[in-house]
Amino acid sequence: MNSIFDLLPKRFLVLFCICGGIIAGLLVYIVYMSRAVSYASDDPSACVNCHVMASSYQSWQRSSHANWATCNDCHVPQDNFVAKYAFKAKDGLYHAAVFTAKAEPDVMRPRDASYEVIMQNCVRCHTQLNTEFVKTGMAKYADTKNGSTMACWDCHRDVPHTKISNIASSPNAIVPFPKSPVPQWLSDLF
């Protein structure tokens, strides 16, 4: 049985290999420069790969949640591995597109799907509080949309990011910005 390579003339095979090498090289370069591998972890410092997240990172870092929860504990689904990484990929690609196009808003707000995940995670972590102490029950974000209950952040506005959440709110935030992925010898050339 002939393969596709046997059907192509030799000069097209060479061109095919060169183009494939260029595409593979560009993909490796993009993964390296974007620090894509860091987003697979639960390390909160991965969030500040994008400078626009500095104020959110700093406010979280100074909150009581910093001792108990990472960014992913609140901002991605925790019900199973597939849901978690599918949501991270979808949200990450959206963020990459927005930041690459320099279209980030001055004030960061979660999208609707993120609000639902955040509320599910509030309820998940604070189940005992919701069911035994204050008896608010296991509210769902859909219930807030139809007005039958309030979202957790309607009362707890400052948890954990404070109500000031814009790019300029902490211009000198002390956060662990990653080092430039550009090698020093290349930076020295320019």
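## R111 and its salt bridge

R111 is partly exposed, at 32% relative accessibility (buried means under 20% relative accessible area, exposed over 50%, partly exposed in between, with a 1.4 Å probe and protein chains only). Its side chain meets that of D91 in a salt bridge, 2.8 Å from N to O (a side-chain nitrogen of Lys or Arg within 4 Å of a carboxyl oxygen of Asp or Glu). The pair links distant parts of the chain, 20 residues apart. D91 is in helix 5, and R111 is in the loop between helix 5 and helix 6 (112–125). Helices are DSSP runs of H or I with at least four residues, numbered from the N terminus. D91 is buried, with a relative accessible area of 13%.

This is a predicted model: local features need pLDDT of at least 70, side-chain atom pairs count only at pLDDT 80 or more, and totals for chains, interfaces and linings use all residues. Residues are numbered from 1 along each chain as its sequence is written, and side-chain values use heavy atoms, with hydrogens and water left out.

## The other salt bridges

The structure holds three salt bridges. One of them joins the side chains of D42 and K84, at 3.2 Å from N to O. D42 lies in the loop between helix 2 and helix 3 (54–61), and K84 in helix 5, 42 residues apart. D42 is partly exposed at 35% relative accessible area, whereas K84 counts as buried at 13%.

D112 pairs with K145, the closest N and O atoms being 3.2 Å apart. D112 is partly exposed at 43% relative accessibility. K145 is exposed at 53%.

## Aromatic pairs

There are five aromatic pairs in the structure. Rings of Phe, Tyr and Trp (its six-membered ring) pair if their centres lie within 6.5 Å; planes under 30 degrees apart count as stacked, over 60 as edge-to-face and the rest as tilted. F81 and Y85 form a tilted pair, 4.9 Å centre to centre with 50° between the planes. Both are in helix 5 (residues 81–100), four residues apart, so about one helical turn separates them. F81 is exposed at 61% relative accessibility. Y85 is partly exposed at 29%.

The rings of Y141 and W153 have centres 6.1 Å apart and planes at 40°, so this pair is tilted. Y141 is in helix 8 (residues 141–145) and W153 in helix 9, twelve residues apart. Y141 is buried at 13% relative accessibility, while W153 is partly exposed at 23%. With Y115, these two residues form one aromatic cluster.

## Nonpolar core

The largest nonpolar core has six residues: V48, A54, Y57, W60, A173 and V175. Such a core is a set of buried Ala, Val, Leu, Ile, Met, Phe, Trp, Tyr and Cys residues joined through side-chain atoms within 4.5 Å. Leaving aside neighbours within four places in sequence, V175 is in contact (heavy atoms within 4.5 Å) with V48, A54, Y57 and Q58.

## V182

V182 sits in the loop between helix 9 (152–155) and helix 10 (184–189). V182 is partly exposed, at 28% relative accessible area. Beyond residues up to four places away in sequence, V182 touches M33 and S187. V182 and Y32 are 150 residues apart in sequence and 9.7 Å apart in space, C-alpha to C-alpha.

Definitions and conventions:
Helix = DSSP H or I, 4+ residues; strand = E, 2+ residues; numbered from the N terminus.
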